[in-house]
Amino acid sequence: MTKKKLLIHGGTVVSASDVAPYDIVIEGERIAAHGLSGAFDPASFDEVLDATGLLVLPGLVDPHVHFDSPFMGSKTVHDFHSGTAAAAYGGITTVISFSTQPKGSSLLRNLYEHERKADGQAYIDWSIHGILLDSSEQTLLEIPELVEAGVPTYKCFTTYRHSDRLMDDDSMLLVLRTTAESGGMLMVHCENDAILEYRLARELDQGHTSWIYHARSRPRSAENVAIQRVIDLMKEERAPVYIVHASTAESVQIIQKAQSQGDPIHCETCTHYLVLTEDLLNSELGHLFICSPPLRTQRDLDALWRASRVGPIEIISSDDAGLPSADRTRLSEGRFDKVPNGMPGVEPRLTMLYTEGVKKGRISLPRLVSLTATNPARLFGMFPQKGSLAPGSDADIVLFDPDIGWTMSAETLHMNTDFCPFEGRDVFGKPKTVLCRGEVVVRDHELIGTPKHGRRIVRKLDRSVID
Ligand code: MN
Ligand code: MN
């Protein structure tokens, strides 16, 4: 069977390093060639996509979503079907979700169960991260098997002792050692559990139950000290570490200092920490903005943008973990500490970062591509298959119309929820057409793909990138 030949012509191609007027040739699932605009004869192609006036980006990679995941008595709004549909509308062609196992159960078995939930359901490509809840003999034995199985990244928590998820120092050292030996990378949710529990008790003692006390009870210091502790433990067992959702001004300084000393530490922030502040918790619907770490202040937001421009932030993820608003309201019983944490965000990410980042001059277009596509692919072991427009890479491509001005709203987005954290914001730019491995998944703002298209991506980390 001859491969279908597709030409994207007349667009402005943006890579992690350049912005240039290129035409792109796709053969089957892969990118086959580039040429300056007009280099190829449209008549010799099976299909031609006119990208005049559009930005042509590598398909985005969102390495931090929670699909089909039970949490705090509720369940995330997105499964692989609805989540990958919303992601495709948002210009994403690969997601990495987390599989959370019941304590004491096998990491691998849980991973396979999670994969079955994705199989045949995803419009775009996908992969999974493991989650480590302990350093039991079984967990340590399974880490190398996980890495072998194409799942070389897994997350642990420095908090949530009350739900038995806390990884203490002793355990962390063992996990770091196994990570170093097996060629994996440990992801860490950093908030110091003792500070959180102490503050929580103090606020509740004083009768403080309104939403804003979620932020008061999870101070920056708790995040900062937890990140520093991981770095200190890395001095004992040198292994690659990825700090998820850095949210404070100090966190990025701490990480930068460790990097400058040669520690193999990496970090991300998330869209909402770059756009929203804790003031939102002061409203009646403030509970819908509860996430952990909490939204911070303008000072943190400004610092995170600087760190996104020049480092140490390498990736901006969505941490899509939306929960049904009705569940959040009901389960909260009017108290901040009972609200299931997490917000949806997989679809708005590109438009929000383009609007707040590129249009406001905080980051360049190539940097936007680095932060949302190229770096996630590189750090999580999928480059150059993903995150790249080079010949040979998967034909994952977004035709982004930068000139569309619109108002963000849950009503017009395609996420499976009535809540959008960026509701009412005037934004610029919208993905118009999205290809995943050469297949058009979204055409002219309409989802036309099939949930059978998405494929599991086997990942292998590149030591020269993460060490
Ligand atoms: Mn987290
Ligand atoms: Mn998360």
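How much space lies in the largest pocket? In this predicted model, the answer is about 480 Å³. A pocket here is an open set of points on a 1 Å grid over the protein atoms alone, with protein on both sides within 12 Å along at least five of seven lines, and a residue counts as lining when it has an atom within 4 Å of a point. Volumes are the space filled by probe spheres set on the points, with grid points joined across faces, edges and corners.

A word on bookkeeping comes next. Residues are numbered from 1 along each chain as its sequence is written, while chains are lettered from A and ligands numbered from 1 in the order in which they are written. Local features need pLDDT of at least 70 and side-chain atom pairs count only at pLDDT 80 or more, whereas totals for chains, interfaces and linings use all residues; side-chain values use heavy atoms, with hydrogens and water left out.

Back to the largest pocket: 20 residues line it, and Met72, Tyr160, His162, Ser163 and Arg218 sit closest to its centre. Helix α5 (193-205) and strand β9 each give at least two residues to this lining, and α5 has the largest share, with four. Helices and strands are DSSP runs numbered from the N terminus (H or I and at least four residues for helices, E and at least two for strands). By type, the lining splits into eight nonpolar, seven polar and five charged residues. For this sorting, Ala, Val, Leu, Ile, Met, Phe, Trp, Tyr, Cys and Pro are nonpolar, Asp, Glu, Lys and Arg are charged, and the others, Gly among them, are polar.

The second largest pocket holds about 260 Å³. Its lining has 15 residues, with Thr158, Asp169, Asn192, Asp193 and Arg229 closest to the centre. Helices α4, α5 and α7 (220-236) each put in at least two residues, and the largest share, five residues, belongs to α7. This lining is made up of eight nonpolar, two polar and five charged residues.

A cavity is a set of grid points where a 1.4 Å probe fits but cannot get out. The largest cavity comes to about 310 Å³. It is lined by 23 residues, and His66, Phe71, Asp319, Ala321 and Asn341 lie nearest its centre. Strands β9 (70-71) and β13 (153-157) are the elements that give two or more residues to this lining. Nine of the lining residues of the largest cavity are nonpolar, eleven polar and three charged.

Helix packing was looked at next. The axes of α3 (residues 137-148) and α4 (residues 169-182) come within 10 Å and cross at roughly 35 degrees. Axes are lines fitted to C-alpha atoms, for helices over the stretch in contact, and angles run from 0 to 180 degrees between N-to-C directions. The crossing of α3 and α4 is right-handed, meaning that the near helix is turned clockwise from the far one by less than a right angle. Leu140, Ile143, Pro144 and Val147 of α3 meet Leu174, Val175, Thr178 and Ser182 of α4, with contact meaning heavy atoms within 4.5 Å. Six of these residues are nonpolar, two are polar and none is charged. Helices α8 (residues 249-260) and α10 (residues 298-310) pack at about 35 degrees with their axes 7 Å apart. Ala249, Glu250 and Val252 of α8 touch Arg299, Asp300, Ala303, Leu304 and Ala307 of α10, a set of five nonpolar, no polar and three charged residues.

Six aromatic pairs turn up, a pair being rings of Phe, Tyr and Trp (its six-membered ring) with centres within 6.5 Å, where planes under 30 degrees apart are stacked, over 60 edge-to-face and the rest tilted. One of them, Tyr242 with Phe380, is edge-to-face, at 4.9 Å centre to centre and 70 degrees between the planes. Tyr242 lies in β15 (residues 241-243) and Phe380 in the loop between α13 (365-379) and β18 (397-407), so this pair ties together parts 138 residues apart in sequence.

Finally, the backbone. Most residues other than glycine have a negative phi, and most peptide bonds are trans. Asp164, in the loop between β13 and α4, has a positive phi of about 65 degrees. The bond from Ser292 to Pro293 is cis, with omega near -5 degrees, and Pro293 lies in the loop between α9 (271-275) and α10. Phe383 and Pro384 are also joined by a cis peptide bond, with omega about 5 degrees; Pro384 is in the loop between α13 and β18.
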